[in-house]
Amino acid sequence: MEMLHIRWQRLLVDGATCPRCASTEEELEKACALLEQVLVPLGIGVVLEKEVLSCETFHEDPLQSNAIFLNGRPLEEWLGASRGESPCYCGVCGPVACRTVEADGRVYEVIPAELIVRAALLAVSTSLSGCSHCGPSCCSPG
């Protein structure tokens, strides 16, 4: 069975994460449920791995938190989007700039299910085409 691997990483301190990451986790769960409904009948499984960042890793690079990777590549890369940052000021992260995603002219602090699904479908279509080196537009017709 072909597999779609989704890895999400976030800071977790004493079982708590920031509101952005908590909301992204809910969106990720919605996206994975939808992807399973669509992909499993096609013989493609969905594997979700939730990775915890240590406080040390987070403080070295806070933008690693709330990152989603699909088949090993960042969500932003699949979507032709960019990674950004904005202040979080929550009790878990502290006063640091946390990850945002800019896609389609909008900035997202919480990554919505629709972006995750779109990136996942691009990852699956690239995997099925046999092309492992390209981005979303490399092997597309036209």
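Is C90 buried or exposed? I find C90 buried, with a relative accessible area of 13% (buried is under 20%, exposed over 50%, partly exposed in between, with a 1.4 Å probe and protein chains only).

Source notes. This is a predicted model, where local features need pLDDT of at least 70, side-chain atom pairs count only at pLDDT 80 or more, and totals for chains, interfaces and linings use all residues. Residues are numbered from 1 along each chain as its sequence is written, and side-chain values use heavy atoms, with hydrogens and water left out.

Entry: I searched the whole structure and got zero disulfides (a pair of cysteine sulfur atoms within 2.5 Å). For C90, the closest cysteine sulfur is in C93, at 3.7 Å, too far for a bond. C88 is buried, at 17% relative accessible area. Its closest cysteine sulfur belongs to C90, 3.9 Å away, again too far for a bond.

Entry: cavities. How many cavities of 30 Å³ or more does the whole structure hold? I get one. A cavity here is a set of points on a 1 Å grid over the protein atoms alone where a 1.4 Å probe fits but cannot get out; lining residues have an atom within 4 Å of a point. The largest cavity holds about 40 Å³ of space, counted as the space filled by probe spheres set on the points, which are joined across faces, edges and corners.

I listed the lining of the largest cavity: C18, R20, C21, F58, S65, N66, C93, C98 and R99. I sorted these lining residues into five nonpolar, two polar and two charged.

Terms used:
On a 1 Å grid over the protein atoms alone, a cavity is a set of points where a 1.4 Å probe fits but cannot get out, and a pocket is an open set with protein on both sides within 12 Å along at least five of seven lines; lining residues have an atom within 4 Å of a point. Ala, Val, Leu, Ile, Met, Phe, Trp, Tyr, Cys and Pro count as nonpolar, Asp, Glu, Lys and Arg as charged, and the others, Gly among them, as polar.
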